[in-house]
Amino acid sequence: MISYPSRHCTVELQALPSRIGQVRRIVSAQLRYWHLDALIDRASLGVTELLSNVHRHAQPDKTCTVEIELLLDRLTVSVRDHDPRMPVVDDAEPLATCGRGLAMVAAMSESWGVRPDGESGKVVWFTLPTSSAPVAAPSRRARRTVVEKPARRFAEVGHTTDGLRPEHAPARSAVAG
């Protein structure tokens, strides 16, 4: 089930291969609804990588929450799980069949990071700009300056707020599974 208000969507699930495809379809449908079709491929790729990591590495269970949120000119996609271990980005060997997921998320996103979530979990997130125009260009209506930050290759630990995005209380819904 998709939560409603129109700029926030939360899905709770077990990170199983069959559910990952379902979440990709939900993310795609929500982005179409928000008229953000140009972000579907990158958002789907990123959420697939993050959910695959939960499926492969999370302990003690595979329960997680995917949240997509549209604030100002940024789409934020985050995955919360119950494993407190922080992901590590390593350089994968040239012939390795895994180990490139977070590097791929870093390459295709504007920024990404990980932060602890209470005593027994973490949130891994990435952002995508919603406009094709340069974000740092001043808007005639806006009276603030936006400073672009490049995507980080390694996990950012801790949550920082730029003062431009309001904190929120996430809406909740669940996908049975």
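The model is predicted; local features are reported at pLDDT of at least 70, side-chain atom pairs count only at pLDDT 80 or more, and totals for chains, interfaces and linings use all residues. Residues are numbered from 1 along each chain as its sequence is written, and side-chain values use heavy atoms, with hydrogens and water left out.

The protein chain has three helices and five strands. Both are DSSP runs numbered from the N terminus (helices: H or I, at least four residues; strands: E, at least two). Along the sequence, the elements follow the pattern β-α-α-β-β-α-β-β. Of the 177 residues in the protein chain, 40% are buried. Buried means under 20% relative accessible area, exposed over 50%, and partly exposed in between (1.4 Å probe, protein chains only). Among contacts with a separation of 6 or more, 68% join residues 24 or more positions apart. Contact means heavy atoms within 4.5 Å.

Helix H1 spans residues 17-33 and helix H2 spans residues 40-57. Their axes lie 9 Å apart, at an angle of about 150°. Axes are lines fitted to C-alpha atoms, for helices over the stretch in contact, and angles run from 0 to 180 degrees between N-to-C directions. H1 and H2 are therefore roughly antiparallel to each other. Angles over 145 degrees count as roughly antiparallel, under 35 as roughly parallel, 65 to 115 as roughly perpendicular, and the rest as oblique. The crossing of H1 with H2 is right-handed. A crossing is right-handed if the near helix is turned clockwise from the far one by less than a right angle, and left-handed if anticlockwise. On the H1 side, the contact is formed by Pro17, Ile20, Val23, Arg24, Val27, Ser28, Leu31 and Arg32. H2 contributes Ile40, Ala43, Ser44, Val47, Thr48, Leu51, Ser52 and His55. By class, this contact of H1 with H2 holds nine nonpolar, five polar and two charged residues. Nonpolar covers Ala, Val, Leu, Ile, Met, Phe, Trp, Tyr, Cys and Pro; charged covers Asp, Glu, Lys and Arg; the others, Gly among them, are polar.

H2 also packs against H3. The axes of H2 and H3 come within 9 Å and cross at roughly 155°. This pair, H2 and H3, is therefore roughly antiparallel. The crossing of H2 and H3 is left-handed. From H2, the residues in contact are Arg42, Leu45, Gly46, Glu49, Leu50 and Asn53. They meet Gly101, Leu102, Met104, Val105 and Met108 in H3. The contact of H2 with H3 comprises six nonpolar, three polar and two charged residues. The buried residues of H3 are Gly101, Leu102, Val105, Ala106 and Met108. Their cover includes H2, E4 and strand E5 (122-129).

Ser109 sits in the loop between helix H3 (101-108) and strand E4 (111-116). Ser109 is buried, with a relative accessible area of 9%. Its side chain reaches two backbone oxygens: that of Val105 at 2.7 Å and that of Ser111 at 3.3 Å. A polar contact is a pair of N or O atoms within 3.5 Å; within protein, one must be able to donate a hydrogen and the other to accept it, and residues adjacent in sequence count only if both atoms are side-chain atoms. Ser109 is 33 residues from Thr76 in sequence, with a C-alpha to C-alpha distance of 9.9 Å.

Two residues of strand E1 (residues 8-14) were examined, Leu13 and His8. Leu13 is buried at 4% relative accessibility. Leu13 and Val66 are separated by 53 residues in sequence and by 8.0 Å in space, C-alpha to C-alpha. His8 is buried at 6% relative accessibility. The side chain of His8 makes a polar contact with the side chain of Glu67 at 2.6 Å.

Backbone torsions were also considered. Most residues other than glycine have a negative phi. His35 has a positive phi, near 60°. This residue, His35, lies in the loop between H1 and H2. His35 is exposed, at 69% relative accessibility. Leu72 likewise has a positive phi, of about 50°, although it is not a glycine. Leu72 is located in the loop between strand E2 (63-71) and strand E3 (74-81).
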